[in-house]
Amino acid sequence: MILFAHPFGNANVRAVLNALQEANQLARFLTTVGYSKRAPFLSFLPKSAGRRAYDLPAQKIRAYPAREMVRLLAGALRIPVRHEHGWASIDQVWAALDGKAARYLSANKQQEQIGAVYAYEDCALRSFTAARALGVRRIYDLPIAYYETAQRILREEAERYPDWEPTLGGTRDSKEKLARKKRELELAELVICPSNFVLDSLPERARQEKQCVMAPFGSPVSATKSAPSKSSAPLRVLFAGALTQRKGLADLFAAMRLIDSANVELVVMGSLLRPLSWYREQFPNFRYEPPRPHGEVLRLMGTCDVFVLPSLVEGRALVQQEAMASGLPLIATRNAGGDDLIEDGETGFLVPIRSPEALAEKINWCAGHRERICGMGIAAQRRAAQLSWRGYGETILAAIQALTGI
């Protein structure tokens, strides 16, 4: 049986939980705020409460909500929380759940026949330490590039675009936090990676000594795309994600300065890390769209022609598959984690990181070949449809079974 811990329950987390539950291998899911979809009180809560509901029996879920509730309240009230060390900081939410998982494992290993712990980066050190002492297998899900690779790239970006350094975030991680990441990987036996980029970011020794598996995320159900824009209208190019140079936004702005803006409209959707006026100073000619519920994101995608994500550090940006499912070809870097999605000239284009010139070339090509975009969008939808969440969960379940023999 598998003890599983994650504070939030993203789509990839839910897919693994479903696979474990269907295989009757889930001992318990430990989280912060969470409840069963079968709970009778759910019908009395706002629709948004469903984001924390899981397709699991209530007895399989153990919630520890205090820090997460305070964190959410602080965010809603715009109360600043001290990075890493604030009681309700995101790091303390992760660390507290890790401690709960370690204690739960020690108290319930025999009773619940727990043979493995499944934990994520920043939420694994204590539970893995306890698991090793108890002879329990350790499964590590690494959702983004290993910290050594990420830190190197982000430090280089801070020098390359110093004005954008405040948007990078990861450059402020403490030595203690980085040391925890290193120790987590050392304790892991099976490492789950969502992309080739993440897999290749691991130290060579880890790739040689540990079981490492690349399991690509599933795609959403294909959306109905709006009618393609007229060839006389500007090409609508969409960027979606946090407005940070980690996602290559400075390079995209630089590329747009090389493009005839009469032929291309850049749409930027996502959370601001600096005032909007600051981004306008970097490049004024873009349409800003604030974050919105998932269904509305898909509707916005349906009004665009091409999706661009020139990221420098990702795990596997799920938004790429959402865009493809909406009928948009991709222009993306390998570091965005979706190189397996792109068949060059068919479903999109793969471009090198830190190359505004390459971005501008591909965007210009799309603007000049509007008759090809519709067919590329159809091919992108077909490629996205080949990747399901069930397949993702089954790939990970097979890896767990190979490790544990369960």
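The accessible surface of the chain comes to about 17,800 Å², of which 52% belongs to carbon and sulfur atoms, with areas taken by the Shrake-Rupley method using a 1.4 Å probe. This is a predicted model, in which local features need pLDDT of at least 70, side-chain atom pairs count only at pLDDT 80 or more, and totals for chains, interfaces and linings use all residues. Residues are numbered from 1 along each chain as its sequence is written, and side-chain values use heavy atoms, leaving out hydrogens and water.

The radius of gyration of the chain is 22 Å, which agrees with the value near 22 Å that a compact globule of 406 residues would have, the rule being 2.2 Å times the number of residues to the power 0.38, over C-alpha atoms. Of these 406 residues, 55% count as buried, meaning under 20% relative accessible area. Among contacts (heavy atoms within 4.5 Å) between residues at least 6 apart in sequence, 67% join residues at least 24 apart.

The chain holds 15 helices and 15 strands, which are DSSP runs of H or I over at least four residues and of E over at least two, numbered from the N terminus. In strand S13 (residues 306-309), Val306 and Val308 point one way while Phe307 and Leu309 point the other way, and all are buried. S13 pairs in the parallel sense with strand S10 (residues 235-240) over 2 bridges, where pairing requires that DSSP find at least two bridges; Val306 is the bridge partner of Val237. S13 also pairs in the parallel sense with strand S14 (residues 330-333), over 3 bridges, and here Phe307 stands opposite Leu330.

Definitions and conventions: Buried < 20%, exposed > 50% of the residue type's maximum accessible area, 1.4 Å probe, protein only.
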